[in-house]
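I have the sequence and the model side by side, and I want to jot down what I look up as I go.

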Amino acid sequence: MKRRTFLASSSALATSMAAPAVFSPLKAQSRQETLLIVAENTPNMMDIHGVGANRPSYEVSWNTHDRLMTYGVKKDASGQDHYDYSKLEPELATDWNVTPTSATFKLRKDAKFHDGTPITAKDVKWSFDRAVTVGGFPTFQMRAGSLEKPEQFVAVDDHTFRVDFVRADKLTMPDMAVPVPVVMHSELCKKNATATDPWAMEWTKNNLAGGGAYKIERWQPGQEVVYARNDEWKNGPMPKIRRVILRIIPSAGNRRALLERGDADISFDLGSKDFSELKASPKLTIVGTPVENAMQYIGMNVKQKPFDNVKVRQAVAYAIPYQKIQEAVMFGQSIPLYGGADNKAKGTNWPQKHGYNTDIAKAKALLAEAGYANGFETTLSFDLGLAGINEPLTILLQESLGQIGIKATINKIPGANWRAELLKKNMPMITNTFGGWLNYAEYFFYWCYHGQNAVFNTMSYQNPAMDALIDKARFTTGPEYEAAVKGFVDAAFEEVPRIPLFQPLLNVAMQKNVTGYRYWFHRQLDYRQLVKS
Amino acid sequence: MLGQILSRLATAVPSVIGVVIVTFMLTRLLPGDPAAYFAGLAATPQAIAEIRGKLGLDKSLPEQFIVYVGDLLSGNLGTSLSTGQPVVTEIATRLPASAELTLVALIVSAGIAIPLGVLAAVKQGSWIDHLCRVVTTAGVSLPVFFTGLLFAYVFYYLLQIAPAPTGRLDIFVSPPTHITGFYLIDSALTGNGEAFWGSLRQLALPASAMAIFSLAPLARMTRGSMLSVLGSDFIRTARASGLAPRTVVFTYAFRNAVLPVITTLGMVFSFLLGANVLVETVFAWPGIGLYAVNALITSDYAPVQGFVLTMAVLYITLNLIIDVVYGLVDPRVRLDT
């Protein structure tokens, strides 16, 4: 009774505090023209070339800078807009001419940076030089398309730019339309460069030197980014939305509440549970797109006993509770990668289904054949940064492995430490996720299976025959390419150093009046196509 | 008095030095490799080594420490890698947000708890005493993040009377001109009614959640301390001398009972600064706690060190203030004793 009185009086207090909303008509107007996005993580800089630029920063860079080219659009299986990796379209470059040794780009003549300076080939060259020189992620991504040294980039005249190839690489052209090779205002950057920082890396962290569709109006790290449309933009169709506010809301529950109450327009990168529950909501549009070239998997370290034995790895592949994971961990919101007809590749697409399914009897038999009839002990590690999926997944797996006599201890590794632990390559068994920007099977395999043993080859798997096929696929086309891809996919399924579990979805929820959402390979939101009616 | 305060400050110097050393060592001893973290998804070992060099992490620990202390002396707390901003500016913009929230919560809490405690002690065993017990038990048994989520759910989502939990101000209200960084004060000073009302509305839920949590220690301490004072000889004498009950309770009893309440107030303030982290997460409050937690998750050394240092300085100041207030309230307590 008394408690109730207290609650009643406190809610009365809250009511009185909420009474008159002081809204000017102007505010209501701007609410109409503004898109409010709620997100969990804050961008940490405006420059995608910066040391430690995080994923939300890619989004800032993507919307505020131009690239030479962009990708076209197609409809995916569910009728949603999806970028089209087979189609390169003009952005700053109006057209281009590719020969076996070089590509020559004609630049748009009336394109300007945000401060009104015309964009010239000099700026493009400076920006490309910067990307291949500063080291770290940008340099690395450029190298993936055989863009390696400043000598390759030539400013022929103000509006002609040429890239000389160091080798024939089919990823060179697509790699020039990813978020890294942005065009920056070279004079402005040079003005703010110092002797120790010739590329103005410090300055561009908090200052924009781009010419893209949006300008930054307010930048409060950890709180919000306010964008205003660049009304002088020439490098694509004029965006419909004048203002975009990205507000950081750390609590997932509140992001959902804001959306359901209609206070926020878009929530990007939702968890599976919220996604499956919001799907039923009549007020919202919910889109889940399979993340290209990505998978959650179980990796086993083939350099260590007992996982050096292929039979043990196959036994584990038969002991995984695939269906339970799909239902209890992913709430059905992912594409299963198990239960195919057999372990043969069905095409050059990746990822695709393997032939394993949950079969405890078969797993036991394989384990006995390998000489581990009584099982063994091991540790199963995961990244706490993605505990929402990893934790229930590993618990289900632990239980299932127990049935065939494998005692797995779960080892939770803090997010900050995960990368370092991966690099050491001594964890016997992990669950992890990986996705490649460029949607080619050999691109995935080059990082994850190739004997060069990159950090993402978390199994330390080395197979010269497979390496030969991967290398071949990178530089061929036609039937030869198809045979090579099928060859390495078959080997990956047969040898099974990593067991694909599912292909994740990129989930977005938005109000019914927001349309035009397009899936991008970089998994960030592109504001330029969105429409709010 | 000034001399006493100065000598009190001097004793704080060793603790500050200690804090500097401990935070430096702690952040280095924690597992986690910031270079690997910031090198990004597809980093090669060379890329990580490059970044390690850029961050100065390839130097030996003593060398790193000397660089760190040198920076500290010049007022440079380093740059946060995860937000890309200098730590000093970040803390300067975030501390007022946390302090405003904590102070409002503390004022609300003290405003309810102290009268409640006094009344409960004066009318021991009455309904108000029971109310006091219920409220304090309920408050202390509800973790503050839970109350926060519950409030957001009930008052924002269901009843729709509270504003969206999106931080210090509604998204379409511009912040007031910066004077102190406390939105309530700044908007009052500049006569910006919209911002004042807006920030008051945003403060209501998180501040109440924190206030409920801190009611218990304050109310109980007030009640207990009042009870023991009310039972003492001089109160009996005062009553026997025919003084008005009001004078007895407020002039004689309360003034004597308030000392432990002030101590508790100091402790509760520290509690609340800690509890802030959770409330800040729930209400997207751009405060210092949220900043520190994010930095810790990403092994971002500079903000963690900056946060711990700021907090240490804050506590030392707080203790000093409490000591001074003691002296003012009770002449028997002197700083030099």
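This is a predicted model: local features need pLDDT of at least 70, side-chain atom pairs count only at pLDDT 80 or more; totals for chains, interfaces and linings use all residues.

Where does Pro351(A) lie? I found Pro351(A) in the loop between strand 14 (335-336) and helix 13 (360-369) of chain A.

**Entry: cis bonds in chain A**

I went to Pro351(A) for its peptide bond. The bond joining Trp350(A) and Pro351(A) is cis, with omega about 0 degrees. Lys305(A) and Pro306(A) are also joined by a cis peptide bond, and omega is about 0 degrees there too. I placed Pro306(A) in the loop between strand 13 (294-300) and helix 11 (310-319) of chain A. I flagged these bonds because most peptide bonds are trans.

**Entry: positive phi**

Next I looked up backbone angles. Most residues other than glycine have a negative phi. Ala200(A) is not a glycine, yet its phi is positive, near 55 degrees. Ala200(A) sits in the loop between helix 7 (186-191) and helix 8 (201-206) of chain A. Is Ala200(A) buried or exposed? Ala200(A) counts as buried, because its relative accessibility is 0%.

In chain B I stopped at Gln160(B), another non-glycine with a positive phi, about 60 degrees. Gln160(B) belongs to the loop between helix 7 and helix 8 of chain B. I wrote down 47% for the relative accessible area of Gln160(B), so Gln160(B) is partly exposed.

I then checked Pro165(B) against Phe283(B): they are 118 residues apart along the chain, but their C-alpha atoms are separated by 4.9 Å.

Arg168(B) is in this loop as well, and I looked for its salt-bridge partner. The side chain of Arg168(B) meets that of Glu100(B) in a salt bridge, 2.8 Å from N to O. The pair links distant parts of the chain, since Glu100(B) is in helix 5 (residues 87-122) of chain B, and Arg168(B) in the loop between helix 7 and helix 8 is 68 residues apart from it. Both Arg168(B) and Glu100(B) are buried.

**Entry: other salt bridges**

How many salt bridges are there over all chains? My count is 33. I picked a few to write up.

Arg223(B) and Asp129(B) form one of them, at 2.7 Å from N to O. Arg223(B) is in helix 9 of chain B and Asp129(B) in helix 6 (residues 127-141) of chain B, so this pair ties together parts that are 94 residues apart in sequence. Arg223(B) has 19% relative accessibility and so counts as buried; the cut-off for buried is under 20%. Asp129(B) counts as buried at 2%.

Over in chain A, Glu217(A) forms a salt bridge with Arg243(A), and the closest N and O atoms are 3.2 Å apart. Glu217(A) is in strand 8 (residues 214-220) of chain A and Arg243(A) in strand 10 (residues 243-248) of chain A, 26 residues apart. Glu217(A) counts as partly exposed at 47% relative accessibility, and Arg243(A) counts as partly exposed at 22%.

I also noted a network of salt bridges in chain A that links Arg256(A), Glu260(A), Lys273(A), Asp274(A) and Glu277(A).

**Entry: helix packing in chain B**

I took helix 7 (residues 144-158) and helix 9 (residues 193-230) of chain B first. They pack at an angle of about 140 degrees, with axes 9 Å apart. That makes helix 7 of chain B oblique to helix 9 of chain B, and their crossing is right-handed.

Then I looked at helix 12 (residues 288-297) and helix 13 (residues 301-329) of chain B. Their angle is about 140 degrees and their axes are 8 Å apart, so these helices of chain B are oblique to each other. Which hand does the crossing of helix 12 and helix 13 of chain B have? I noted it as left-handed.

**Entry: a nonpolar patch**

Val13(B), Ile17(B), Ile21(B), Met25(B), Leu29(B) and Leu61(B) make a nonpolar surface patch of about 520 Å². Helix 1 (residues 2-29) of chain B gives the most to the patch, with five residues. Val13(B) is in helix 1 of chain B, and Val13(B) is partly exposed, with a relative accessible area of 46%.

Terms used:
Residues are numbered from 1 along each chain as its sequence is written. Chains are lettered from A and ligands numbered from 1 in the order in which they are written. Side-chain values use heavy atoms; hydrogens and water are left out. Patches are made of residues with over 30% relative accessible area and no salt bridge: like charges are joined within 9 Å, nonpolar side chains (Val, Leu, Ile, Met, Phe, Trp, Tyr) within 5 Å. Accessible areas come from the Shrake-Rupley method with a 1.4 Å probe; for residues, only the protein chains shown count as cover. A salt bridge is a side-chain nitrogen of Lys or Arg within 4 Å of a carboxyl oxygen of Asp or Glu. Helices (H or I, at least four residues) and strands (E, at least two) are DSSP runs, numbered from the N terminus. Buried means under 20% relative accessible area, exposed over 50%, partly exposed in between (1.4 Å probe, protein chains only). Axes are lines fitted to C-alpha atoms, for helices over the stretch in contact, and angles run from 0 to 180 degrees between N-to-C directions. Angles under 35 degrees count as roughly parallel, over 145 as roughly antiparallel, 65 to 115 as roughly perpendicular and the rest as oblique. A crossing is left-handed if the near helix is turned anticlockwise from the far one by less than a right angle, and right-handed if clockwise.
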